[in-house]
Structure formats: structure tokens, C-alpha cells
Amino acid sequence: MPVIRTLSKVAKQALLNPGCGCQPITVAVRTISFSPRQVTSDASFHSVSFSETDHPKVLITGGLGQLGVGLAKRLRKRFGNNNVILSDIRKPPSHVFHSGPFIYSDILDYKNLREIVVNNRITWLVHYSALLSAVGEANVSLARDVNITGLHNILDIAAEHGLRLFVPSTIGAFGPTSPRNPTPDLCVQRPRTIYGVSKVHAELMGEYYHHRYGLDFRCLRYPGIISADSQPGGGTTDYAVAIFHDAVKTGKFECNLKPDTRLPMMYIDDCLRATVEMMEAPADTLSMRTYNINAMSFTPEELAQEVQKQLPDLEVTYDIDQVRQAIADSWPMNFDDSNARNDWGWKHNYDLPELVQTMLNYIGSDSRIAQAN
């Protein structure tokens, strides 16, 4: 279909990992053929439980993003190198390509995605493919296709093949009418970005597939994620990564959010550990399928002050990006993640001082190595 080919080409040019659901699915259940899009009322899907297999076979879509490579590394240590497949539409760097299985996967190509799941006997699917908040606002039609149409492909394939499916959500799934400090798991959600709208859609569709078809859908609402391994990628919280790179390289940082903009944040190690713990949690411990998780909450000014304790000569200025500021002002200031802590034992390890020290050590070490070379 020409329209789909055009969308896929655009997505590739954007160096993202999209998908499109056009091919019909046929599944035999009680001798009745149907697809998840045209399903009989008594149909039910069930994922293979963790105890029924030696190790899960994991596929990670959008695997070359901020979280995919780190999650693959963690899961490969746990389940074996060949049991975790990274996928994307981009060419992977050499160190990623040689670290374990990598495969081309375009989530707008339903047939290709389905073949990967079948041929590799996938049992867990982690769906990271998405356009982030600021990038999505700059290209709403592409964000809609990647974040919503691609999700539909993932849901249908996961349901058909009985996969355990993880789809991350975000602080962006809330809006200006949501309670902001703290924001509970269940409350009004009226986001005003296509990114946020698509994430609410993912939460609701995933929970619908769980209740209607028995799909083992699991979702965490991530706060802003801070990682030294990657450069800022178009998110509203990316200032909290950029400050460390600029502090080490130039000693100057210009922030695009107001100094008193408070947002929930988390170091990437905590985020990846939470994801694995959520995926491994016994189903009977989960009172819901979408949880908030949190670690700390701070403002640009508070972060800068903590960095200046280590680098007192750092100069911080502010040049407000009105688009990103409007997005941030509609998001939670703090997450209530008490349900995650009570249901499956979530507990963070990194607060603000530990975060700053870890980031500066990592980036400072990389900078010294680069200068030596």
C-alpha cells in the first residue's frame, strides 16, 4: 500500500523505529479463526509463564534509543546473550552490533515484525519505539503513526502469540488538570501533547487487551530518565542530561526551562532495574497493569546547585523554550509510586547527590580518555 511505504520511508529518515498494522492476523481458537481486531467474545490469550521455560526470548523494539541498549545488557547477563534481541531501523554502532543479536525491525511493517516473533520464538516483547515529546510536537503526523499505529501492530502480535508485553508510559501521560504534587496512579489524564495522548492510548489499549483477551500487558510510567551513555534526544527533561555534558566540556550551561520547574526524575540504572522487576513480578502480585515509578524530584536550579558543589565554576544561564516549558508546566511535579512499592517491592537506589556524583564521574572519565587519545 503506497501510503504505508511513504510513512515507513519518512520514519527511516527520522532515524526512528516505526510500524504499521495492515496485514490481517488469523489465529485458531476453539476452531474459530479470527484476528484481535475482529475477535470472538469467548477468545482468550495467555502468555507462557516464566516458570514454564528456562529463559524468556526477548525482543526489544527501538533498541538503539536511550534505554534499549542498557536493558539488553542487563537482560543478557540474566538470561544469556542469545536470548535477547535488539531491533531498530538504524544501523547499530559496532560495539552494539558485536555485543549480542541485532535485527532490523520496522514496527510499521506488520509482516516483518510478525516473522521476527515467529522465527525467533519470542516470549517477551519490550516496545521502546516512540517519538518523544518535543520531537513529536514538531511532527504530529509522524508521531501519531509511530506511537499509535505502531502500537496497534505490537498489541495484535503480542496477543496472537501469547507474549508478555512491556510498553513504557511517561509523566507526559498527564495534563494540566491532573493533580501535580503528588500525581497518583489513577486520576484525570488530559495531556496536551501528541506524545502524551499516544501514551494514554497505549495504557488504555494495553489494559483493554489484558481484560478482554488475557494479554499479559505491563506498563510503567517513567519519570525523566537521566543517563550518561546517550546524548539528549528531544525530550522535555533532557536538560537534566545536557547539564552534565556541558559542565564537563565547557563549564557553561544554558537551560531551556525555568529555574523553578519541578519534575520527577530517575537515574537510568534504577529505571532499567524497575523494568526487569516489573516484567518478572508474578501476575498475582499486580493489582494494576500500569504503575507510576519515581526516585527523586528536583528543579533545574536545585540540580545546578548540586553540580556546582562538585564544579563550583559552572556558569548556568536560562533561555526558556516556550514549547518545552508549556509541556513541563502540564506534567507532574512529583509521582506517587506507593502502589509499585507495595505490590512488587519497588525501591530506588539513587537520590540527587548520588545521581550527580555518578554522572560527573562517568562523563568526566570519558572526557579525560578522549583528551588523552
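**Before you click**

You are looking at a predicted model, in which local features need pLDDT of at least 70 and side-chain atom pairs count only at pLDDT 80 or more, while totals for chains, interfaces and linings use all residues. Residues are numbered from 1 along each chain as its sequence is written, and side-chain values use heavy atoms, with hydrogens and water left out.

**Stop 1: the whole chain**

Colour by secondary structure: the protein chain has 13 helices and 15 strands. Helices (H or I, at least four residues) and strands (E, at least two) are DSSP runs, numbered from the N terminus. Of the 373 residues, 54% count as buried; buried means under 20% relative accessible area, exposed over 50%, and partly exposed in between (1.4 Å probe, protein chains only). Among contacts with a separation of 6 or more, 78% are between residues 24 or more positions apart, where contact means heavy atoms within 4.5 Å.

**Stop 2: strand β6**

Select 124-127, which is β6. Strand β3 (residues 58-61) pairs with β6 in the parallel sense over four bridges, and Ile60 has Val126 as its bridge partner. Strand β7 (residues 164-166) also pairs with β6 in the parallel sense, over three bridges; look for Leu125 opposite Leu165.

**Stop 3: two backbone details**

Select Arg121, in the loop between α4 (110-119) and β6. Arg121 is not a glycine, yet its phi is positive, at about 50°. Its relative accessibility is 66%, so Arg121 counts as exposed. Next, select Asn181 and Pro182: the peptide bond from Asn181 to Pro182 is cis, with omega near 0°. Pro182 lies in the loop between β8 (169-170) and α7 (194-213).

**Stop 4: a three-stranded sheet**

Show β10, β12 and β14, which form an open sheet in that order, with mixed pairing. The edge strands, each pairing on one side only, are β10 (224-226) and β14 (296-298). From one strand to the next, the twist averages 45°. Strand β12 (residues 263-267) runs antiparallel to β14, joined by three bridges, and Pro264 has Ser297 in β14 as its bridge partner.

**Stop 5: helices α8 and α10**

Bring in α8, which lies across β10, β12 and β14 and runs at about 25° to β10. Then select α8 (residues 239-249) with α10 (residues 300-310): their axes come within 11 Å and cross at roughly 30°. That makes α8 roughly parallel to α10. Axes are lines fitted to C-alpha atoms, for helices over the stretch in contact, with angles from 0 to 180 degrees between N-to-C directions; under 35 degrees counts as roughly parallel, over 145 as roughly antiparallel, 65 to 115 as roughly perpendicular and the rest as oblique.

Finally, show side chains: Tyr239, Ala240, Ile243, Phe244 and Ala247 in α8 meet Pro300, Leu303, Ala304 and Val307 in α10.

Notes: Two strands pair if DSSP finds at least two bridges between them.
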